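Open the model in your viewer and keep the selection tool at hand. The stops below go from the ligand to the backbone.

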Amino acid sequence: MASRAGHRLTTAATGAAPDGLSLSVISPAIGAEVEGVDLSRPLEPERLAAIRQALADRHLLVFRDQRLTRDQHKAFAALFGPLHVHPYHAKAPGADREVLVVKADETSANVNGEEWHTDVTCHEAPPWLSLLYITRTPEPGGGDTLFASTARAFEALSEPMQAFLAPLTAMHEGAKLYTGNYDMAPPPGGWPKAVHPVVIRHPESGRPCLYVNRGFTTRIEGLGKRESEAVLEMLFRHVETNPEFQCRVRWTPGTLVMWDNLSTQHCAVWDYYPHSRYGERVSVVGESPQTLLSS
Ligand code: SIN
């Protein structure tokens with residue numbers, strides 16, 4: 001149970017994990033800072049299980065003061081499943097395809113993730129987890145990332161709206177973000193696209209989560225064009241404009257944040273031009289998101 005002082009929790013205190021992982025909650029709906037874990041060292045199975053449980057409870061975890069090589073970053077991510085290859089890398093066989101460089105400086109015309117989104121939902125089996133390790137932050141500050149809980153967002157909808165959304169599916173298209181926003185040429189065969197349920201059941205927590213996002217979702221199947229646009233815009237704004245579903249992560253060099261893409265959306269704030277920010281993201285492939293109605 002949380003005490004008032006600093007909202008400190010231990011997973012042992014919540015009964016969620018046996019080894020007393022120490023957490024500081026960021027906001028009631030989402031996020032926790034994890035203390036006392038060095039991700040460059042091997043993790044005992046109990047500690048790994050506690051991290052996994054904490055992630056299911058809090059949706060995103062912040063690990064500060066890390067010193068990780070690229071291989072250590074990938075090795076930690078790989079403890080949770082196979083690593084994801086971003087569609088950007090379909091044309092780059094020589095590059096380290098499992099690492100997405102996230103950087104901005106005075107030459108940048110845009111930055112990764114400026115619009116609210118969930119990572120790569122245009123894939124049939126989108127990345128379940130993303131782990132971003134930031135090593136350079138802008139000197140004057142800025143470059144925070146906003147996160148929203150899509151579990152909390154679903155719970156806050158009225159019952160009639162929940163019931164309306166539950167059986168629906170929606171199209172997610174890579175072209176919307178990668179060509180529409182960034183003007184990138186598609187890889188051979190085109191950008192991926194996939195149909196997913198509008199509401200999914202989280203495989204670990206069992207919580208229903210809204211699963212449409214402004215970055216990739218183009219239409220709700222079975223609705224008229226204007227109906228689909230209106231419902232999607234309402235849902236996007238519901239997630240993006242409600243501070244009570246959200247938290248804000250302020251990065252310091254050596255911070256790794258891991259987030260659960262099934263239960264979150266995020267948005268990178270580009271308020272530091274012409275200063276520089278640098279990080280590398282590794283993601284973990286998940287199963288195809290499952291409808292709320294299948295269980
Ligand atoms: C992203 O993964 O969308 C980038 C997030 C960030 O740069 O904070």
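The tour covers the ligand site and then some backbone features.

This is a predicted model, in which local features need pLDDT of at least 70, side-chain atom pairs count only at pLDDT 80 or more, and totals for chains, interfaces and linings use all residues. Residues are numbered from 1 along each chain as its sequence is written, and side-chain values use heavy atoms, with hydrogens and water left out.

**Ligand.** The residues around the ligand include Val102, Asp119, Leu132, Trp259 and Arg281.

**Polar contacts.** Next, show pairs of N or O atoms within 3.5 Å. Oxygen atoms of the ligand lie 2.5 Å from a polar side-chain atom of Thr145, 2.9 Å from one of His266 and 3.0 Å from a side-chain N or O atom of His117. The ligand alone exposes 260 Å², of which the protein buries 99% (Shrake-Rupley method, 1.4 Å probe).

**Cis peptide.** Move to Pro274, in the loop between β15 and β16 (strands are DSSP runs of E, at least two residues, numbered from the N terminus). The peptide bond joining Tyr273 to Pro274 is cis, with omega near 5 degrees. Most peptide bonds are trans, and most residues other than glycine have a negative phi.

Select His59, where phi is about 75 degrees. His59 is buried, at 2% relative accessible area (buried means under 20%, exposed over 50%, with a 1.4 Å probe and protein chains only). Finish at Asp65, where phi is near 55 degrees; Asp65 is exposed, at 69%.

Technical notes:
A residue is near a molecule or strand if one of its heavy atoms lies within 4 Å of it. A polar contact is a pair of N or O atoms within 3.5 Å; within protein, one must be able to donate a hydrogen and the other to accept it, and residues adjacent in sequence count only if both atoms are side-chain atoms. Helices (H or I, at least four residues) and strands (E, at least two) are DSSP runs, numbered from the N terminus.
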